[in-house]
Amino acid sequence: MPPTLTPPEIDRHHHISDGNNGHKPPTDKRTGGNGDGDGDNWNNRPQGHRGPRERLAQARIGLFFALGGDLMFFIALVSVFFVTKASGHFDAYSHFINEWLPTAIPSILWLNTAILLLSSVTAEAARRTMFREHDAMDEWFGIGRPITRRATLWLSLTLLLGGFFLIGQWVAWDQLAAQHVFFRSNPSSHFFYLITVTHAVHLFLGIVALIAALMILQLSRSLSTRQVFVDTTVWYWHVMGILWVFLFLLLVYGQ
Amino acid sequence: MKPSTLRHPARSLLHAIFSTHHRNVGFGYLAISFIAVAIGTLLSLAMRLHLTWPAWHFPLHGLILPEEYLALVTMHGTLMLFFVLTVAPQSGFGNLILPSQIGSRRMSFPRLNALSMWLTALALAVLLAAFFVPGGAPMGGWTSLPPLSATPLAGPGEGLGMDLWLASIAIFCIASTISATNTLTTIVKLRCNGMRWERLPLTVWGWFTAALLSVIAFSVLLAAILLLFSDRHLHTGFFLPSNDLINGVLLQHRGDGSPLLWLHLFWFFGHPEVYIAILPGMGLTSMVLANFSRRRIPGYRLMILTTLLIGFLGILVWGHHMFVAGLNPFAGTAFSISTMAIAIPSFAKVVSWLTTVWGSHRTPSSAAATSRFPTPMLFALGFVSFFIAGGVSGPILAQPILDEYLHSTFFVVAHFHLIMSMAGLFGIFCAIYYWAPLLIHRTLSEPLGKLHFWGTLIGAYSTFLPMHFTGLAGEPRHYAQLNGLAGPGMTLLQSTMPLQRHITIGAIGLALAQLPFLLNLILTLLRPAQPFDNPWNATTLEWAPGSLNLHPSNQSPVVHRGPCQYTASGENFLTQWSELTPSQPKPE
Ligand code: HEM
Ligand SMILES: [Cu+2]
């Protein structure tokens, strides 16, 4: 049996339309991973092979959804923060006891925050160099790899600043420990540590991604592969930076 | 193919196992589900036998102690809900069929895809390890309610066993989030030309909505697990009231936590989770019913909308699991209203299914569909049947005043086994029978398939329908034994014993009814593969010639219309990929 039946009867049933009621020819609207679909028309290629923009767009969308999930993780933590802050119990004399004592914020955290914000700037510089057409041309003509050179510089700087941030967080935990504020000390210190540590774990993953991106900058010959890795790493880095600002403000003003 | 792969089947097997191709990943997920469903079924039979004949000594084991009964409940629920009903429909078939259904040759991130399958396998291994550690498996139920789950003092399985449960589910959460990210990106970015959103088959809409829910819900569960872990090991008290006594021991911890907080976090995940389990099956049911009734789906866009709406409302109703847990009564009312609201899109779905099949007197339309009701169609109808039968008790349970009595009775067990477990199971079977030509290059035997269907249908109803009555008579959930109490309660529960025996025999029948299915699979796999060519005369893209093995050099398919375009007589149809348009007949 042929895969498609084309009997005359179908012609008589005009209510079988192609679903667009004559508005547009069915395939002129591109779906899936095309870029701007200009001159060199990637769309004529099989889908999944439509060039660098498709890979980049996919990686960005994937990151977007994954970070959406991550955001829910932190929303849950922050909700529990507020619930715990407000809860207490009644003692034998019917007094409402709330054990929450705000945790003092080590002042080094302000410095760390500034460093992290700065690292986002250098990261963005690295991301932008990946898309400079002049430099891509140079590489195309074999004059050198200016993209890789510049991006390596900016990314290494980001890595350094990211490392400083993590060390700074470590110092903050140390300072708190010196004041005998530990994870288990108080409901509010639970959250101080939970929030800073889970964020630090995310930032550590970001550092791993930075190192991977730096390696790929050196090793990969395909420009699009380098672009995808640097671009997604930097977006991830930005989101972790913004997230930190929110979490930090919560710890400073929300306790 | 390299000659070496031909000579060493073992090597090519290894190759398949460690491949990142979405078909291999999909089969990996199905294998995980198969292991989980086999073990989960045995556990449930042990529970039934113990409930009915509590004095019976199990061979090799002996008497089942109450705490062992609770461990059985916990492991059964966890295996079935996480590793069967979430893994098979969403991740299994979402890998095996989804790419070809949208005209893509791959998933977006093949390596991450394989990684999430292996993480899921690891999660299963960690969970099963709980049987073999000192103290045995955890006993807090699939919802792991604190304070039972927050301290080893609560019972034998609540030590290492509970930690393994937490580790397993945490890994599962990460794996599911990765897998859902992959599914979403694939659907957003890899549709072939012409495959606009409103032309996506409803199965794809089911996978899409379920993946959205996964991304939202599993992260919250992960956060909850982290907090519970720290309650267990780091002396916090997020979920523990201060000065709580457990088994006569005063808990040492800081803070004024509350088990209610866990309930909020857990059910914020838990209710979306039950929709993750059922949405792919709902989509498949729509498509299969239309396929075999040779009808268009009435209100196609409305069906897309109801899928999304069910997903959206599903996020807002978690409180209906907490009516009697100390929830503020006003919140209870709000959750009650949002829960009832879900009944509206659900009802629209049911109406659409019924109008699709109603009065569709079709003659057999192809060689493979030798009767008006081929096996996939039967299982889709079974899905509808269970969805209705389980759905009617939903709005009853959604009323706080009625739930006060019914919560924690077997009435709830009846509700969710019909609407989720059995409907979900029938969705999986429907998928297997319907897509068998694509999965194993052979159609499964019809007579054995029908035997399987009727056996399973009758077995399922005789098991789960009577649970409504034992629940109404007051049979509590999570109780190891129904006799041995004193007073009128004893008399009441004792009076349910004949029904209990009926349920147990039904459950054994339900398990035995799977033998024809296994036999069917084995016999079919022993036959040589047969070439097939859209055996069900379907309209969706996975049946397009060569769609399974789109070679990179092939022209990728182009879609010209939505699915399910059948003529009024039902004899003829237009596939999504055929170029013919009615106004422009193909030139001679
Ligand atoms: C009309 C739609 C529905 C309504 C109004 C509804 C309502 C409810 C309510 C109020 C409960 C809580 C009962 C209690 O614990 O006392 C409940 C439990 C449950 N429902 Fe539904 N439901 C509906 C559909 C579904 C669907 C579609 C599924 C799954 C696919 C489902 C799965 C469950 C499960 C698993 C439980 C029990 C969870 C547990 O305690 O372990 N329900 N339902
Ligand atoms: Cu629910």
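**View 1. Three histidines of chain B hold the copper ion (ligand 2).** The protein donors are B:H271 through ND1, B:H320 through NE2 and B:H321 through NE2, lying 1.8 to 2.0 Å from the ion. Donors here are N, O and S atoms within 2.8 Å of the metal (3.2 Å for Na, K and Ca), and since water is not among the atoms, sites may look incomplete. Along the sequence, the spacing of the donor residues reads H-x48-H-H. B:H271 and B:H321 link distant parts of the chain, 50 residues apart: B:H271 belongs to helix α9 (residues 259-293) of chain B, and B:H321 to the loop between α10 (300-314) and α11 (329-357) of chain B. Helices (H or I, at least four residues) and strands (E, at least two) are DSSP runs, numbered from the N terminus. B:H271 is buried, with a relative accessible area of 7%, whereas B:H321 is partly exposed at 23%. Buried means under 20% relative accessible area, exposed over 50%, and partly exposed in between (1.4 Å probe, protein chains only). Look also for the iron atom of ligand 1, which is 4.5 Å from the copper ion (ligand 2).

A note for all views: this is a predicted model, in which local features need pLDDT of at least 70 and side-chain atom pairs count only at pLDDT 80 or more, while totals for chains, interfaces and linings use all residues. Residues are numbered from 1 along each chain as its sequence is written, chains are lettered from A and ligands numbered from 1 in the order in which they are written, and side-chain values use heavy atoms, with hydrogens and water left out.

**View 2. The second largest pocket is lined by helices of chains A and B.** About 2100 Å³ of space lies in this pocket. Of its 49 lining residues, the closest to the centre are A:L63, A:A66, A:Y236, B:L112 and B:I178. On a 1 Å grid over the protein atoms alone, a pocket is an open set of points with protein on both sides within 12 Å along at least five of seven lines, where a 1.4 Å probe fits; lining residues have an atom within 4 Å of a point. Grid points are joined across faces, edges and corners, and the volume is the space filled by probe spheres set on the points. At least two lining residues come from each of α2 (52-86), α6 (187-219) and α7 (223-253) of chain A, and from each of α6 (110-129), α7 (160-189) and α8 (202-233) of chain B. With 11 residues, α6(A) gives the most. The lining divides into 31 nonpolar, 14 polar and four charged residues. Here Ala, Val, Leu, Ile, Met, Phe, Trp, Tyr, Cys and Pro count as nonpolar, Asp, Glu, Lys and Arg as charged, and the others, Gly among them, as polar.

**View 3. Two aromatic pairs, one edge-to-face and one stacked.** Over all chains, the structure holds 53 aromatic pairs. Rings of Phe, Tyr and Trp (its six-membered ring) pair if their centres lie within 6.5 Å; planes under 30 degrees apart count as stacked, over 60 as edge-to-face and the rest as tilted. In chain B, the rings of B:F379 and B:Y433 are stacked because their centres are 5.3 Å apart and their planes at 15°. B:F379 and B:Y433 are buried too.

**View 4. The charged ends of two arginines sit over aromatic rings.** B:R191 is placed over the ring of B:W197, 4.3 Å from its centre. B:R294 does likewise over the ring of B:F573, at 5.2 Å. A charge sits over a ring if NZ of Lys or CZ of Arg is within 6 Å of the ring centre and within 35 degrees of the ring normal.

**View 5. The loop between α6 and α7 of chain B holds B:P147 and B:S144.** The peptide bond from B:P146 to B:P147 is cis, with omega near 5°. B:S144 has a positive phi of about 45° although it is not a glycine, and at 1% relative accessibility B:S144 is buried.
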